[in-house]
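Please read this briefing with the sequence and the structure side by side, and find each residue as it is named.

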Amino acid sequence: MLTQTAQFDESIRSTFASRYVRASLPRFRMPENSIPKEAAYQIINDELMLDGNPRLNLASFVTTWMEPECDKLIMAAINKNYVDMDEYPVTTELQNRCVNMIAHLFHAPLGESETAIGVGTVGSSEAIMLAGLAFKRKWQNKMKAEGKPYDKPNIVTGANVQVCWEKFARYFEVELKEVRLRDGYYVMDPEKAVELVDENTICVAAILGSTLNGEFEDVKLLNDLLSKKNKETGWDTPIHVDAASGGFIAPFLYPELEWDFRLPLVKSINVSGHKYGLVYAGIGWNVWRSKEDLPEELIFHINYLGADQPTFTLNFSKGSSQVIAQYYQLIRLGFEGYKNIMENCQENAMVLKQGLEKTGRFNIVSKDNGVPLVAFSLKDSSRHDEFEVSDFLRRYGWIVPAYTMPPDAQHVTVLRVVIREDFSRALAERLVNDIGKVLHDLDAMPSKLTNGEEKKEKAQLDNGDVARKKMEMQRQRSVTAAWKKFVLAKKTNGVC
């Protein structure tokens with residue numbers, strides 16, 4: 001005969017027959033009592049089913065698939081704290097190997113056996129913070145030596161930069177000078193950027209792969225123009241390349257493109273291992289041209305757990321899994337494997353682009369050369385707009401973001417599909433098919449404009465092209481503002 005305890009244990013073997021599925025989950029306070037591990041797992045797993053499918057999240061550049069063998073390595077190292085370098089010396093060695101491989105990939109001027117200067121980070125955001133700090137400290141040291149004020153540093157970027165650059169400027173008290181965008185030109189203009197440079201500019205940040213449309217900025221032209229200005233003024237303003245998205249693309253698809261350490265003013269480069277480095281979220285890299293470009297006073301030497309540990313990071317403890325996963329990808333794929341994957345991504349991007357063009361309903365905003373993505377906007381958004389297309393695509397399981405461009409192109413709204421390693425041609429063709437269904441569904445729906453607004457629009461159209469263009473811009477801005485307010489009200493987090 002079963003004891004009362006045994007009967008209780010027996011009853012909870014089926015979580016759905018237990019009391020735990022009848023109770024609300026704690027949201028603000030830790031519960032007083034424990035629950036069985038099976039029940040905890042089932043309840044959390046069930047709630048997570050309401051998340052989107054990562055493989056169909058076409059908003060994100062972040063890797064969503066890795067080989068099972070690498071998954072095993074990740075799980076085997078999930079309990080290793082990377083900062084314990086003396087206890088995990090092999091993991092530290094793997095990070096150093098990754099830094100060296102990436103530095104050589106970016107043509108760092110290193111000798112055959114010379115060690116590269118770089119660091120692994122939790123992503124490109126941390127890497128950018130570290131690079132910015134190095135530029136700021138080096139500029140300050142220079143200004144102090146010359147007896148000049150060093151309290152008003154600035155940095156020049158395009159308005160298309162990722163938000164981490166704004167964070168750096170705000171957190172570390174650096175003025176952010178942004179080159180505004182314009183219609184048809186959605187990246188930083190090198191000529192306008194150099195015009196903004198002054199004696200207090202710690203660096204100019206160029207983006208290799210804009211998150212808006214995937215386009216590579218012209219780092220070579222920027223280097224040439226800035227070199228000329230430095231020569232004329234006696235300054236030595238350097239360049240940082242934010243290659244978060246494009247750093248693992250350009251070397252394989254565009255090897256002749258000069259954007260990296262082949263250009264003398266490029267002093268540091270960051271890249272996201274968890275984007276086209278093909279590793280799950282949580283790994284980025286920053287490499288410097290030489291030791292002289294990373295001020296020694298920023299490097300901490302910590303006597304921790306029996307060893308001297310040089311460190312230049314914003315955090316201390318972090319997992320080892322992503323470092324190990326990056327090394328796996330670098331040796332597993334090699335140059336050949338990365339090249340094949342990037343070519344596949346680019347070809348599938350072209351399949352999607354051509355499919356969208358065949359509908360006759362979209363303008364393609366992205367470029368053929370750059371990050372493999374497709375950014376596009378409706379040719380006619382008078383009845384329905386890009387936000388509605390994005391919303392309707394979710395009904396088919398696709399997560400495709402719609403957003404407005406930064407100033408001065410904020411009246412332009414686009415949709416963007418990022419082509420990752422696991423996005424096959426079959427999925428590209430299916431997406432085109434589903435977009436066609438969405439357009440058909442929207443065509444059958446009433447216009448988002450009221451009858452009064454439609455009449456006003458028609459009257460303005462009758463007044464000629466100038467009025468039409470002005471009206472169209474005003475309408476786009478009005479609709480965009482309303483949708484941004486709606487999306488922000490629902491939005492709880494975001495990815496980059």
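In this predicted model, Asn-348, Val-351, Leu-352, Gly-355 and Leu-356 of helix H10 are in contact with Arg-425, Ala-428, Glu-429, Leu-431, Val-432 and Ile-435 of helix H12. Sorted by class, the residues of this contact between H10 and H12 are seven nonpolar, two polar and two charged.

**Helix H10 beside helix H12**

- Helix H10 covers residues 321–359 and helix H12 covers residues 425–443, and their axes come within 9 Å of each other while crossing at roughly 20°.
- Because angles under 35 degrees count as roughly parallel, this crossing makes H10 roughly parallel to H12.
- The handedness of the crossing between H10 and H12 is right-handed.

**Helix H4 against helix H10**

- Helix H4, which is made of residues 89–105, also meets H10, and here the two axes come within 9 Å and cross at roughly 45°.
- H4 and H10 are therefore described as oblique to each other, and H4 passes H10 in a left-handed crossing.
- On the H4 side the contact is made by Thr-91, Leu-94, Gln-95, Arg-97, Cys-98, Met-101 and Leu-105, while H10 contributes Val-323, Ile-324, Gln-326, Tyr-327, Leu-330, Ile-331 and Phe-335.
- Counted by class, the contact of H4 with H10 holds ten nonpolar residues, three polar residues and one charged residue.

**Helix H11 against helix H12**

- Helix H12 has a contact with helix H11 (residues 386–393) as well, where the axes come within 10 Å and cross at roughly 115°.
- This crossing of H11 and H12 is right-handed.
- The residues that make the contact are Glu-388, Val-389, Phe-392 and Leu-393 in H11, together with Leu-431, Asp-434, Ile-435, Val-438, Asp-441 and Leu-442 in H12.
- In the contact of H11 with H12, seven residues are nonpolar and three are charged, with no polar residues.

- Cys-345 belongs to helix H10, and it counts as buried because its relative accessibility is 2%, where the cut-off for buried is under 20%.
- When residues up to four places away in sequence are not counted, Cys-345 touches Pro-372, Ile-419, Arg-420 and Glu-421.
- Cys-345 and Ile-249 are 96 residues apart along the chain, and their C-alpha atoms are separated by 10.0 Å.
- Ser-272 is part of strand S6, and with a relative accessibility of 1% Ser-272 likewise counts as buried.
- With its neighbours within four places in sequence left aside, Ser-272 is in contact with Ser-124, Ala-243, Ala-244, Phe-248, Gly-277, Ile-283 and Gly-284.

**Backbone details in the loops**

- What is the peptide bond from Pro-407 to Asp-408, cis or trans? The bond is cis, with omega near 5°, and Asp-408 is found in the loop between strand S12 (402–404) and strand S13 (413–418).
- His-107 has a phi near 60°, which is a positive value in a residue other than glycine, and His-107 sits in the loop between H4 and strand S1 (117–121).
- With a relative accessible area of 38%, His-107 is partly exposed.
- Leu-278 is not a glycine either, yet its phi is positive, at about 70°, and Leu-278 lies in the loop between strand S6 (266–272) and strand S7 (284–288).
- Is Leu-278 buried or exposed? Leu-278 is buried, with a relative accessible area of 3%.

**The chain as a whole**

- The chain contains 14 helices and 13 strands, and buried residues make up 49% of its 496 residues.
- Among the contacts in the chain with a separation of 6 or more, 70% are accounted for by residues 24 or more positions apart.
- The accessible surface of the chain comes to about 25600 Å², and 52% of this surface belongs to carbon and sulfur atoms.

Key:
Residues are numbered from 1 along each chain as its sequence is written. This is a predicted model: local features need pLDDT of at least 70, side-chain atom pairs count only at pLDDT 80 or more; totals for chains, interfaces and linings use all residues. Side-chain values use heavy atoms; hydrogens and water are left out. Helices (H or I, at least four residues) and strands (E, at least two) are DSSP runs, numbered from the N terminus. Buried means under 20% relative accessible area, exposed over 50%, partly exposed in between (1.4 Å probe, protein chains only). Contact means heavy atoms within 4.5 Å. Accessible areas come from the Shrake-Rupley method with a 1.4 Å probe; for residues, only the protein chains shown count as cover. Axes are lines fitted to C-alpha atoms, for helices over the stretch in contact, and angles run from 0 to 180 degrees between N-to-C directions. Angles under 35 degrees count as roughly parallel, over 145 as roughly antiparallel, 65 to 115 as roughly perpendicular and the rest as oblique. A crossing is left-handed if the near helix is turned anticlockwise from the far one by less than a right angle, and right-handed if clockwise. Ala, Val, Leu, Ile, Met, Phe, Trp, Tyr, Cys and Pro count as nonpolar, Asp, Glu, Lys and Arg as charged, and the others, Gly among them, as polar.
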